[in-house]
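Hello,

Here is the structure we spoke about handing over. Please look through it alongside the notes that follow.

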Amino acid sequence: LFRRKWIYVVAVFFLVGLWGQSITVPIESITIENPSSTTVDLNASQEVSASVQPDGATIASLQFCSSDESILKFEQESINGNHVTGKITPVSEGTAKIYITTSDGSITTKEITIKVVDLARIETAKKEAEEKEERNNRKYN
């Protein structure tokens, strides 16, 4: 009789132990939902978000990285359900990629190519060119 009770006690502890453990749900697919543009102003950060399938997948296994952190950096901000959001922070003008993959390598890398431009510099150069053309037109008219 004592042996049977001991087996039941061990079985109960074993089942409670299994129940208390978290279950890892592997990511089957990654969908990049935005950035809203693949061209980013040097002076403004932009949000990027991705979702994973299936619902309940373990997002903590996602890894993000920039191909060139001298051009842009990525910071993960939040995980909500099957969505992860982050921020692209431009550092200098140029083109770089943000890569998203699973830490176990089970998903082929997804990527976003981002071009960083200094819109203020471009706008200033455009105004200077228009003013120069206007001065030249007045000079010859």
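At 18% relative accessibility, Phe 64 is buried (under 20% relative accessible area; exposed is over 50% and partly exposed in between, with a 1.4 Å probe and protein chains only). This is a predicted model, in which local features need pLDDT of at least 70 and side-chain atom pairs count only at pLDDT 80 or more, while totals for chains, interfaces and linings use all residues. Residues are numbered from 1 along each chain as its sequence is written, and side-chain values use heavy atoms, with hydrogens and water left out.

Aromatic pair

The structure holds 1 aromatic pair (ring centres of Phe, Tyr or the six-membered ring of Trp within 6.5 Å; planes under 30 degrees apart are stacked, over 60 edge-to-face, the rest tilted). The ring centres of Phe 64 and Phe 74 are 4.5 Å apart and the planes are at 15 degrees, so this pair is stacked. Phe 64 belongs to strand β4 (residues 62-66) and Phe 74 to strand β5 (residues 72-80), so the pair ties together parts 10 residues apart in sequence. Strands are DSSP runs of E, at least two residues, numbered from the N terminus. Phe 74 is buried too, with a relative accessible area of 15%.

Ser 51

Ser 51 sits in strand β3 (residues 46-53) and is buried at 8% relative accessibility. Beyond its neighbours within four places in sequence, Ser 51 has contacts (heavy atoms within 4.5 Å) with residues including Ile 30, Glu 33 and Asn 82.

Regards

Note on methods: Helices (H or I, at least four residues) and strands (E, at least two) are DSSP runs, numbered from the N terminus.
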